[in-house]
Amino acid sequence: MADGSDLHLVHESNSDGPRTETTINDKQRFWTDGSDITEEGKWVWMTSGMPVENYTNWGSSQPDNGSGAVLPSNCLCLGRWMEFQWDDNPCSEAGLVLCEKPDV
Ligand SMILES: [Ca+2]
Ligand SMILES: [Ca+2]
């Protein structure tokens, strides 16, 4: 992600092979590995340790650290509710995981 490569959605597998369709409702959350849990406001790709700076796609008014919510928002996700732009949500929320894979 930090190097500009594409995001790929990893689908669940079952006995019939890879599943090719994923139902996405308005509240379905997709996690990336971006986080500011180490230092508030300092966003880092956790896997690489690289700062989130070369490319960003924050939604309107984001990141807002939960905007006063009880739980701080320290993990980077996206979803239809923000037209797949980035939002920070509490890391403990449920969601699917977006993974990066090299081009083949
Ligand atoms: Ca935060
Ligand atoms: Ca937010």
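Predicted model: local features only at pLDDT ≥ 70, side-chain atom pairs only at ≥ 80, totals over all residues.
Figure 1. A residue is buried if 20 or more other C-beta atoms, placed from the backbone, lie within 10 Å of its own, exposed if 12 or fewer do, and partly exposed in between. In a regular strand, side chains alternate between the two faces of the sheet. Strands are DSSP runs of E with at least two residues, helices are runs of H or I with at least four, and both are numbered from the N terminus. Local features require pLDDT of at least 70 and side-chain atom pairs pLDDT 80 or more, whereas totals for chains, interfaces and linings use all residues. Residues are numbered from 1 along each chain as its sequence is written, and chains are lettered from A and ligands numbered from 1 in the order in which they are written.

Figure 2. Strands pair if DSSP finds at least two bridges between them. Three bridges link β6 to β4 (residues 30-35) in the antiparallel sense, with Trp31 opposite Cys77. β7 (residues 86-89) also runs antiparallel to β6, joined to it by four bridges; here Leu78 stands opposite Trp86.

**Figure 3. Surroundings of Gln62.** Gln62 lies in the loop between β5 (44-45) and β6 (75-78). This residue counts as partly exposed because it has 18 C-beta neighbours inside 10 Å. Beyond its neighbours within four places in sequence, Gln62 is in contact (C-beta atoms, placed from the backbone, within 7 Å) with Trp86, Asp87 and Asp88.

Note on methods. Contact = placed C-beta atoms within 7 Å.
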